[in-house]
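Please keep the structure open while reading.

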Amino acid sequence: MTDIQPRTLPTTVHGRYLVRGGPPERLLVGFHGYGETAEANMAEVQQIPGIDRWTIVAVQALHPFYVSRTGMIVASWMTSLDRELAIDDNRAYVRSIIAQFPPPRRLVFLGFSQGAAMAYRAAAGSNATGLIALGGDIPPDVVESRPKLPPVLIGRGIREEWYTDEKLQKDLRFLREVTTVSTCIYDGGHEWTSEFRDAAGEFLTGQLVDQSAG
């Protein structure tokens, strides 16, 4: 019998991200959900009240694929295959993107669904000043490392089926041990809503108030 051994090696791929210019000292970095695109994330983030006071960066996941029914190209952040290596790749990818900008005074990460895990990973141990997570839980690798995290806003729809209330409560117990956290429980499902956007806008306004006070 042939002894087959899986091996891995580092390689270089090109990442893709969208930028909508704004004040360089305020950077909001967004991560889309599974099977979405940077364009979808940018379209939602641009509807947040007061977002013109921020530079927006919408990051596209490194793993594109076709939607079989439509042929549309979308992306995913990772699968269970070589998961730890993918986590390291994604973290390095985000760091490289942020390095393309002048060091911001305010850095907020925002993620939807699968992108929420990326927002937590990007913020963990970084100089982030805020984190917004919509419809996605804290990944176990972040919980296990118990990193320093900035203030967090969590959004969840009352008809949400994936990010259940049980998952929310578990996340809240952890976050209250390491940072401050607020929630927006809105009338909706696994989706962006105007109610959540309003809450995100208030959270970002609070970031500006903290900055002026400092």
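**Sheet and overall fold**

An open sheet of mixed pairing is built from seven strands, ordered 1-3-2-6-7-8-9. The model is predicted, so to speak of its local features a pLDDT of at least 70 is needed, side-chain atom pairs count only at pLDDT 80 or more, and totals for chains, interfaces and linings use all residues. Residues are numbered from 1 along each chain as its sequence is written, and side-chain values use heavy atoms, with hydrogens and water left out.

- Strand 1 (16-20) and strand 9 (181-186) are the edge strands, each pairing on one side only.
- From one strand to the next, the twist averages 15°.
- Strands (E, at least two residues) and helices (H or I, at least four) are DSSP runs numbered from the N terminus, and two strands pair if DSSP finds at least two bridges between them.
- Strand 7 (residues 130-134) and strand 8 (residues 152-157) run parallel and are joined by four bridges.
- Within this pairing, Ala 133 stands opposite Ile 154 in strand 8.
- Strands of a sheet pair through backbone hydrogen bonds, either parallel or antiparallel.

**Helices on the sheet**

- Helix 1 (residues 38-45) lies across strand 1, strand 2 (26-31), strand 3 (55-60) and strand 6 (106-112), and runs at about 150° to strand 3.
- Helix 5 (residues 165-178) lies across strand 8 and strand 9, at about 170° to strand 8.
- Axes are lines fitted to C-alpha atoms, for helices over the stretch in contact, and angles run from 0 to 180 degrees between N-to-C directions.

**Gln 60**

- Gln 60 belongs to strand 3 and counts as buried, at 8% relative accessibility.
- Buried means under 20% relative accessible area, exposed over 50%, and partly exposed in between (1.4 Å probe, protein chains only).
- The Gln 60 side chain reaches the backbone nitrogen of Ala 38 at 2.7 Å.
- Not counting residues up to four places away in sequence, Gln 60 touches several residues, among them Arg 16, His 32, Thr 37, Ala 38, Trp 77 and Tyr 93; contact means heavy atoms within 4.5 Å.

**Largest pocket**

- The largest pocket has a volume of about 740 Å³.
- Of the 24 residues lining the largest pocket, Thr 11, Val 13, Leu 62, His 63 and Asp 89 are the closest to its centre.
- Helix 2 (residues 83-98) gives the most to the lining of the largest pocket, with eight residues.
- On a 1 Å grid over the protein atoms alone, a pocket is an open set of points where a 1.4 Å probe fits, with protein on both sides within 12 Å along at least five of seven lines; lining residues have an atom within 4 Å of a point.
- Grid points are joined across faces, edges and corners, and a volume is the space filled by probe spheres set on the points.

- Helix 3 (residues 114-123) is largely enclosed by the rest of the structure, because nine of its 10 residues are buried.
- The buried residues of helix 3 include Ala 117, Tyr 120 and Arg 121.
- Gly 125 follows helix 3 and has a positive phi, near 75°.
- Arg 121 is buried, with a relative accessible area of 6%.
- Beyond four places in sequence, the residues that Arg 121 touches include Met 78, Arg 83, Ile 87, Pro 139 and Asp 141.
- Pro 139 sits in the loop between strand 7 and helix 4 (140-145) and is buried, with a relative accessible area of 4%.
- Leaving aside neighbours within four places in sequence, Pro 139 is in contact with Ala 117, Tyr 120 and Arg 121.
- Pro 139 and Tyr 120 are 19 residues apart in sequence and 7.6 Å apart in space, C-alpha to C-alpha.

Note on methods:
A polar contact is a pair of N or O atoms within 3.5 Å; within protein, one must be able to donate a hydrogen and the other to accept it, and residues adjacent in sequence count only if both atoms are side-chain atoms.
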